[in-house]
Amino acid sequence: ISLKNTDYSEGTAMYWMWKNTSGQDYVGLFHYRRHMALGADSLKKLVKYDAFLTVPSFTSKSLKEFFCSYFILENDWNTMMRYIKEYDAAYYETALKYEKEHCYFPCNIFIIRREYFDELCSFIFGVLEKVDSYYQGLRMIRLDRYLGYLVENLVSIYMMHNAGRLKAAYTDMKYYYPLEEKV
């Protein structure tokens, strides 16, 4: 999957962890300059939860309008929805509600119990492999991180769909910027 990093972005790391690791109690993903704001005792508290996520981000537009206005093509969204419906009708019902909402979990940053991570990845990559194949069938080469943006939405759809059975905690996200070199 590393050859597809331009499209999958941090989804590439998720896929690699899913396919190349096992046996952990929890799996987490921080990346680039984005991290969770965790205190010294946060990891001790983790055992009480199934997932740690960043505080949801609010958009004034519906999530579909927001993502299709700034990050992806509307066809990307509609193709994702078609393959969610194919994957599981119950997830599709959740996705229909989700696309009208105004909050999502940004940046694909999380810590989650391994069993749920495997379930999450099965859902995400079960959908994305079909989306990717669809565009390959059209002979379109995409270099715009579109699948990474879809991962953000699929993580949020998974969490929304499983909210009744997963115990989650939320924390702020921290952004780190490289120090400027002094001349």
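Predicted model: local features only at pLDDT ≥ 70, side-chain atom pairs only at ≥ 80, totals over all residues.
1. Start with helix α2, residues 11-20. Five of its residues, Gly11, Thr12, Met14, Met17 and Trp18, are buried.

2. Four strands form an open sheet, in the order β1-β6-β3-β7, and the pairing is mixed. At the edges lie β1 and β7 (168-171), each of which pairs on one side only. From one strand to the next, the twist averages 20 degrees. In general, strands of a sheet pair through backbone hydrogen bonds, either parallel or antiparallel.

3. Look at one pair of strands. β3 (residues 51-54) runs parallel to β7, and four bridges join them. Phe52 has Ala169 of β7 as its bridge partner. Helix α2 also belongs in this picture: it packs on the sheet and touches β1 and β6. The direction of α2 makes about 160 degrees with that of β1.

4. Now the nonpolar cores. The largest one has 47 residues, and within it Ile84 and Ile124 touch the most other members. Helix α7 is the top contributor, giving eleven residues to this core. There is also a second, separate core of nine residues, including Leu46, Phe52, Cys107 and Ile111. Nonpolar side chains tend to be buried together in soluble globular proteins.

5. Which residues does Ile84 touch, leaving aside those up to four places away in sequence? They are Tyr91, Tyr92, Ala95, Phe123, Val127, Leu154 and Ile157.

6. Helix α8 is worth a check on length. It has 16 residues, so at 1.5 Å a residue it should span 22 Å. Its end C-alpha atoms are 22 Å apart, which agrees. The helix is mostly covered, with 14 of its 16 residues buried.

7. How do α6 and α8 meet? The axes of α6 (residues 89-98) and α8 come within 9 Å and cross at roughly 110 degrees. On the α6 side, the contact is made by Ala90, Tyr91, Thr94, Ala95, Lys97 and Tyr98. On the α8 side, Asn153, Ser156, Ile157, Tyr158, Met160 and His161 take part.

8. Is Asp88 buried, exposed or partly exposed? Its relative accessible area is 29%, so Asp88 is partly exposed. Asp88 and Glu119 are 31 residues apart in sequence, and their C-alpha atoms are 13 Å apart in space.

9. Most residues other than glycine have a negative phi. Asn108, in the loop between β5 (103-104) and β6, has a positive phi, near 55 degrees. Arg139, in the loop between α7 and α8, also has a positive phi, near 60 degrees.

10. What is the relative accessibility of Asn108? The value is 1%, and buried means under 20%, so Asn108 counts as buried. Arg139 has a relative accessible area of 76%, and exposed means over 50%, so Arg139 is exposed.

Key
Residues numbered from 1 in each chain as written. Heavy atoms only, no water. Buried < 20%, exposed > 50% of the residue type's maximum accessible area, 1.4 Å probe, protein only. Helix = DSSP H or I, 4+ residues; strand = E, 2+ residues; numbered from the N terminus. Core = buried A, V, L, I, M, F, W, Y, C linked by side-chain atoms within 4.5 Å. Contact = heavy atoms within 4.5 Å. Pairing = 2+ DSSP bridges. Axes fitted to C-alpha atoms, helices over the stretch in contact; angles between N-to-C directions. Expected span 1.5 Å × (residues − 1).
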